[in-house]
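Trainee: I would like to take a close look at a single part of this model, and I would be glad of a careful explanation.

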Amino acid sequence: MSVITAPSPGLEQGALRTGDELFPIREVSRLTGINPVTLRAWERRYGLIQPVRTESGHRLYTQKDIETVHRILDWIERGVAVSKVGKILARDDGQSSSLHHLQEGSDHHEWAQWQQQMQTAIGAFDELQLERLYGQVFAAYPAAVVFQDILMPLWHQLLRHQGRFGQASEWLFFDSFLRARISQRLQLARAGRTPQVLLAAIAGECRELELLVAGLMLGGDERVVHVLSVGQPLDELTLICEKIRPQALVLFSNRAPTHELPKRLGRLALTLDCPLLLAGDASDMAQQQLAGSVIGCLGSEGRLMQRRLQQFISGTLDT
């Protein structure tokens, strides 16, 4: 593997830091599965990646550039056109930069340390150690921080990096571990209590763990959330709502919304006696499409989703 460590003579330094590893385009192609022609197109047409150049014009990429390629692929797999990915990356980077500024030198560093310890346990398939770390992190932080800032970023990182032998198994191990424990938390939270909120996934538009975490984020001491199984038919949600009579029905999706989504949701809303709300990344991307409709958008950030849900239920936030 050809790797250069910055700084090096003949390189445009830009924002490079001393010690940064630089990868030639063929190595980036091997690591990400994206051919060099596409990598160059993403740079020239959309400005999604900005590699440094040698004096002879050869492109060299940082580890951060490689991570950006994985993020681009993640959004494309969710149905977002590559021409629109840049705005989403800029939005996410802006949020991340603000959070890092607030947490710099304290919590942010601690979160990274927890993630590193968990990643070591996952790499060893050591469930006992992972269980110990899981308990310790919950003892140190609120649930919203645990999932939003520690567990799910690590889960996404493992999901995106499955090129080396064994990495897919590591992600499956961690995914299974989290699903089992979050399902247990949700069951304990609603034991003997009537669900106030129903949460369902739009078929094929999120993974089960993402739906379960959303259920945990939307719930609380005073609110019971019942998470319906992945694969729940949308056209049968009216029947379920008639039986349970929830205060709200929340649909969850992490894929780019289709042009038909507003009409589809609008038809469903007409059959319900409770507010219909949309959560997840689709909610952020569909706000303009759903503006002025009866469908409320909760967003994708856990603490914001919970606050907006309460506002919709209490009638203090207009759809």
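Why is helix 7 largely enclosed by the rest of the structure?

Mentor: Before the answer, please note that this is a predicted model, in which local features need pLDDT of at least 70 and side-chain atom pairs count only at pLDDT 80 or more, while totals for chains, interfaces and linings use all residues. Residues are numbered from 1 along each chain as its sequence is written, and side-chain values use heavy atoms, with hydrogens and water left out. Helix 7 is largely enclosed because 13 of its 18 residues are buried, where buried means under 20% relative accessible area with a 1.4 Å probe, protein chains only. Helices are DSSP runs of H or I with at least four residues, strands are runs of E with at least two, and both are numbered from the N terminus. Helix 7 covers residues 143-160 and reaches 24 Å from its first C-alpha to its last, close to the 26 Å expected at 1.5 Å a residue, the expected span being 1.5 Å times one less than the number of residues. Along helix 7 there is a kink of about 35 degrees at Leu151, shortly before the proline Pro153; the bend at a residue is the angle between axes fitted to the seven residues ending there and the seven starting there. Among contacts (heavy atoms within 4.5 Å) between residues at least 6 apart in sequence, 63% join residues at least 24 apart.

Methods
Buried < 20%, exposed > 50% of the residue type's maximum accessible area, 1.4 Å probe, protein only.
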